[in-house]
Amino acid sequence: MAEPSPTPRTRVRRLPQRAAYDEATIHAILDNGLVCHIGFVHEGQPFVLPTTYARLGDALVLHGSAASRMLRGLRDGIPICVTVTLLDGLVLARSAFHHSMNYRSVVILGVATEVTDDAERLHALEAIVEHVNPGRWAEVRPPNERELKATMVLRLPIAEASAKVRTGPPLDDTEDLGWPCWAGEVPLRLVAFAPIADGTPPPGVAVPNGRMHA
């Protein structure tokens, strides 16, 4: 499959060899992330908000309080930038200048629209819960009418996006290779510890599987 062409806004100019614009790479990073950061300007003030999300096909779904002035602004057409970053390791070089990190990231630009159909809103909320902990939706009480009314769901097309990935060891200059210090990679990953129950679970209730994203 041919790689989609980047737009002038999504073309990676700094270290372009690390860029990817294909759907498979972008979707894989989004599917493995847990938190996105939404950047936008509201009433002249820049904001960057962390939140959970899910990918449904070729769009991200986001949610928040229907009473939020900022979310209403996003619904009304404020341009946004959504970023998802997966940190894979520390890259420790022999020189301070060449220290880095191994990572996978996606940047999506666009305008979100509100999801108003009740069935679609419920499907989006289910997707967000399932993205965080697969199988959870079938175990919990679904949102009631009051809770749905208090929740806004937004949809952002993954139409203008780019990924950037760094892997591998430090890129030291040749003259630094003999410098007397350790150099290499320190791999990192998100790990789930044993779940801690809130009170005493009823007999026979399954413990969350704790599956973490890669």
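Which side chains does a polar contact of 3.2 Å join? The side chains are those of His98 and Asp173, and the legends below place this pair among other local features. The model is predicted: local features need pLDDT of at least 70, side-chain atom pairs count only at pLDDT 80 or more, and totals for chains, interfaces and linings use all residues. Residues are numbered from 1 along each chain as its sequence is written, and side-chain values use heavy atoms, with hydrogens and water left out.

**View 1. Surroundings of His98.** His98 is placed in the loop between S6 and strand S7 (100–110); strands (E, at least two residues) are DSSP runs numbered from the N terminus. Its side chain is joined to that of Asp173 by a polar contact of 3.2 Å. A polar contact is a pair of N or O atoms within 3.5 Å; within protein, one must be able to donate a hydrogen and the other to accept it, and residues adjacent in sequence count only if both atoms are side-chain atoms. Neighbours within four places in sequence being left aside, His98 is in contact (heavy atoms within 4.5 Å) with Ala93, Leu171, Asp172 and Asp173.

View 2. Asp172 belongs to the loop between strand S10 (160–166) and strand S11 (184–187). Its relative accessibility is 15%, so Asp172 counts as buried; buried means under 20% relative accessible area, exposed over 50%, and partly exposed in between (1.4 Å probe, protein chains only). The side chain of Asp172 reaches two backbone nitrogens: that of Arg94 at 2.9 Å and that of Ser95 at 3.4 Å. Apart from neighbours within four places in sequence, the residues in contact with Asp172 are Ala93, Arg94, Ser95, His98, Leu177 and Ala183.

**View 3. The aromatic pair Phe40 and Phe47.** One aromatic pair is found in a search of the whole structure. The ring centres of Phe40 and Phe47 are 5.8 Å apart and their planes lie at 25°, so the pair is stacked. Rings of Phe, Tyr and Trp (its six-membered ring) pair if their centres lie within 6.5 Å; planes under 30 degrees apart count as stacked, over 60 as edge-to-face and the rest as tilted. Phe40 is buried, at a relative accessible area of 5%, whereas Phe47 is partly exposed, at 26%.

**View 4. Backbone of Glu43.** Glu43 is found in the loop between strand S2 (36–42) and strand S3 (45–51). Its phi is near 55°, a positive value in a residue other than glycine. Most residues other than glycine have a negative phi. Glu43 is exposed, with 66% relative accessible area.

**View 5. Val84 in strand S6.** Val84 lies in strand S6 and is buried, with a relative accessible area of 1%. Beyond its neighbours within four places in sequence, Val84 is in contact with Ile29, Leu30, Gly33, Val35, Cys36, Tyr53, Arg104, Ser105 and Val106. The C-alpha atoms of Val84 and Ala96 are separated by 27 Å, the two residues being 12 residues apart along the chain.

**View 6. Salt bridges.** The whole structure holds 10 salt bridges, each defined as a side-chain nitrogen of Lys or Arg within 4 Å of a carboxyl oxygen of Asp or Glu. One of them joins Asp58 and Arg155, with the closest N and O atoms 3.4 Å apart. This pair links distant parts of the chain, 97 residues apart: Asp58 is in the loop between strand S4 (54–56) and strand S5 (59–65), and Arg155 is in strand S9 (residues 151–157). Asp58 is partly exposed at 47% relative accessibility, as is Arg155 at 33%. In another salt bridge, the closest N and O atoms of Glu147 and Arg141 are 2.8 Å apart. Glu147 is partly exposed, at 25%, and Arg141 is exposed, at 55%.

**View 7. A salt-bridge network.** Arg75, Asp76 and Glu114 are linked in a network of salt bridges. Arg75 counts as partly exposed at 29% relative accessibility, whereas Asp76 is exposed at 60%.

Terms used. Helices (H or I, at least four residues) and strands (E, at least two) are DSSP runs, numbered from the N terminus.
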